[in-house]
Amino acid sequence: MNRIVVKTQDGEHTISRHIYGHFSEHLGRCIYGGFWVGDSPIPNTRGLRNDVVAALRRIKIPNLRWPGGCFADEYHWKDGIGPSAERPKMVNTHWGGVTEDNSFGTHEFLDLCGQLGCEPYICGNVGSGTVQELSQWVEYCNFDGISPMSNLRGKNGREKPWKVRFWGIGNENWGCGGAMTPEFYADNYRRYACYARAYGDTRLYKIACGPNTDDYNWTRVLMEKAGSAMHGLSLHYYTVPGEWSHKGSALNFTEAEWLITLRKASRMEELVRSHGAIMDEFDPKRKVGLVVDEWGTWYDVESGTNPGFLYQQNTLRDALVAGIHLNIFNNYAERIAMANIAQTLNVLQAVILTEGPKMILTPTYHVFDMYKVHQDAVKLPVFVESEILTYAGELPSISASASIDRDNRLHLSLTNADPRQEQQVKVELRGISLSASSVISGQVLTAESIGDHNDFDCPEAVKPADFKTVQIDRGGAIVTLPAKSVAVLEFS
Ligand code: AHR
């Protein structure tokens, strides 16, 4: 039988709510048609879709990264302010070669974050922008007083600064953000970050472009040359079941592909551990946060859609990928300061899909909803002894993480990667003895088939249900996790 031990008295580190962050790029229908409908019959508040905002508020979205992605390093923020009709247009060369009319810019994004009740995370342009441009963007957003940029902000209708804390200094500068070497980028990071000033009481949290997947040399060079000048270092890793040239279908996949995908998702743990170990060498007090600001599945686009728009469906498999990642992030809370799933809406592993006025919540959305209980709770160390699945390479069936919140409620989240069998898990809450009077509740997400998903005809095919298969046994619990499922239990 699988076994989990939760060390209930060894809580030390808080799971930052920012681990549950999101990412929205000017890519396909993420912004336009996703968040932003402008002047439209679709119910909106100042151009922002009400249904989408309400759904994201429900999962307590803590932060939103914008405007990219690759788009960030060719975005010039001054093109996106002032009267909409007068804003210059540009070509979105990375994503479909479409014309970007800049109708969604800084004011619209920060209004969106205000409506969502989340913190903005703005990624600046290092690849093709200037130091002055980034410096002025910070001044425009944050300076409270008389200055060229705050005056311009006032002229555009906003007197008070927004006080944006999170700033990315470029994106993927090893690739689409300028094809730089780590040494060259580290020097540039220091220069751009130097002029991103703190105004008033707004302390900036500056995030350096970090490695792609397992580029450990990038991490080492960055930490060595610029570690003392950064607050966060990003990491990007996507779960791609096949090769980049043929990634595999989001909807039609075999059981072997299910397992390969989940195995690749689990690789996040090795990456976090190994990059974290290099960071520890230079930053033993763990002042620099690891910011996994792009993660999630990446499949072939749905047929008939623009290949540059990265639109893909989302099944129970994606829910498992999300559960596995979030467990890893919770378990490494002492180093991971933030994470952002790519991307919120209509792009890659989206939590929401829209089609005209319709909106559906994906299985991934439900995992974020179930796991929101971990936000700002204290991580509890978890020891997992799992059966190993061997259908297509080896993969532990069970992943888990646990936390205790301010009201002393203990949450345990679990995934069962086994596509065929339910799994029994013996749970020991070390330091707590469960009895017949203990209150245990929970939710579980599963479905008939591994490819089950929600669509616009059947929007609730995959949704959470109450989780009841838990029995008290000699002070602990025996949990029967259905095949292919994600569950969150509450002990109070
Ligand atoms: O999320 C899609 C793209 O993936 C981003 O623009 C880029 O940063 C990454 O390569």
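**Figure 1. Pairing of strands E2 and E5 in the predicted model.** In this predicted model, Phe23 stands opposite Arg65, a residue of E5. Strand E2 (residues 21–23) and strand E5 (residues 63–66) run parallel and are joined by 2 bridges. Helix H3 packs on the sheet, where it touches E5, strand E8 (119–124) and strand E9 (166–169). The direction of H3 makes about 170° with that of E9.

**Figure 2. The barrel.** A barrel is closed by 8 strands, taken in the order E2-E5-E8-E9-E10-E11-E12-E13, with parallel pairing. Between neighbouring strands of this sheet the turn is 25° on average, with direction ignored.

**Figure 3. The largest cavity.** In the whole structure, a search finds 2 cavities of 30 Å³ or more. The largest cavity has a volume of about 40 Å³. Its lining is made up of Arg65, Tyr121, Gly168, Gly170, Asn171, Glu172, Ile207, Ala208, Cys209, Ser234, His236 and Asp293. Arg65, one of these lining residues, is also the residue that Phe23 stands opposite in E5. At least two residues of the lining come from strand E10 (205–208), and at least two from strand E11 (232–239). By class, the lining of the largest cavity comprises 4 nonpolar, 5 polar and 3 charged residues.

**Figure 4. The second largest cavity.** The volume of the second largest cavity is about 30 Å³. Tyr75, His76, Trp77, Gly124, Asn125, Glu133, Leu134 and Trp137 form the lining of this cavity. Helix H3 (residues 131–142) contributes the most to the lining, with 3 residues. The lining of the second largest cavity divides into 4 nonpolar, 3 polar and 1 charged residues.

**Figure 5. Backbone features in loops.** The peptide bond from Trp66 to Pro67 is cis, and its omega is near 5°. Pro67 lies in the loop between E5 and strand E6 (90–92). Gly68 and Gly69 are likewise joined by a cis peptide bond, for which omega is about 15°. Gly69 is found in the loop between E5 and E6. A further loop, between strand E7 (98–100) and helix H2 (106–116), contains Asn102. Although Asn102 is not a glycine, its phi is positive, at about 60°.

**Figure 6. The open antiparallel sheet.** An open sheet is formed by 6 strands in the order E16-E20-E21-E27-E23-E24, with antiparallel pairing. Strand E16 (378–380) and strand E24 (465–466) stand at the edges and each have a single partner strand, so one side of each is left without a neighbour in the sheet. Helix H8 (residues 316–331) packs on the sheet and touches E16, strand E20 (398–404), strand E21 (410–416), E23 and E27. The direction of H8 makes about 135° with that of E21. Within the sheet, strand E23 (residues 440–445) pairs with strand E27 (residues 485–491) in the antiparallel sense over 6 bridges. Gln443 stands opposite Val488 of E27.

**Figure 7. The protein as the setting of the close-up views.** The secondary structure of the protein comprises 9 helices and 27 strands. The radius of gyration is 22 Å, close to the 23 Å that the globule rule gives for 492 residues, so the protein is as compact as a globular protein of that length. The C-alpha trace spans about 70 × 50 × 45 Å along its principal axes.

How values were computed. Residues numbered from 1 in each chain as written. Predicted model: local features only at pLDDT ≥ 70, side-chain atom pairs only at ≥ 80, totals over all residues. Heavy atoms only, no water. 1 Å grid on protein atoms, 1.4 Å probe; cavity = no way out; pocket = protein on both sides within 12 Å on 5 of 7 lines; lining within 4 Å. Points joined across faces, edges and corners; volume = space filled by probe spheres on them. Helix = DSSP H or I, 4+ residues; strand = E, 2+ residues; numbered from the N terminus. Nonpolar A, V, L, I, M, F, W, Y, C, P; charged D, E, K, R; others polar. Pairing = 2+ DSSP bridges. Axes fitted to C-alpha atoms, helices over the stretch in contact; angles between N-to-C directions. Contact = heavy atoms within 4.5 Å. Rg over C-alpha atoms; globule rule 2.2 N^0.38 Å.
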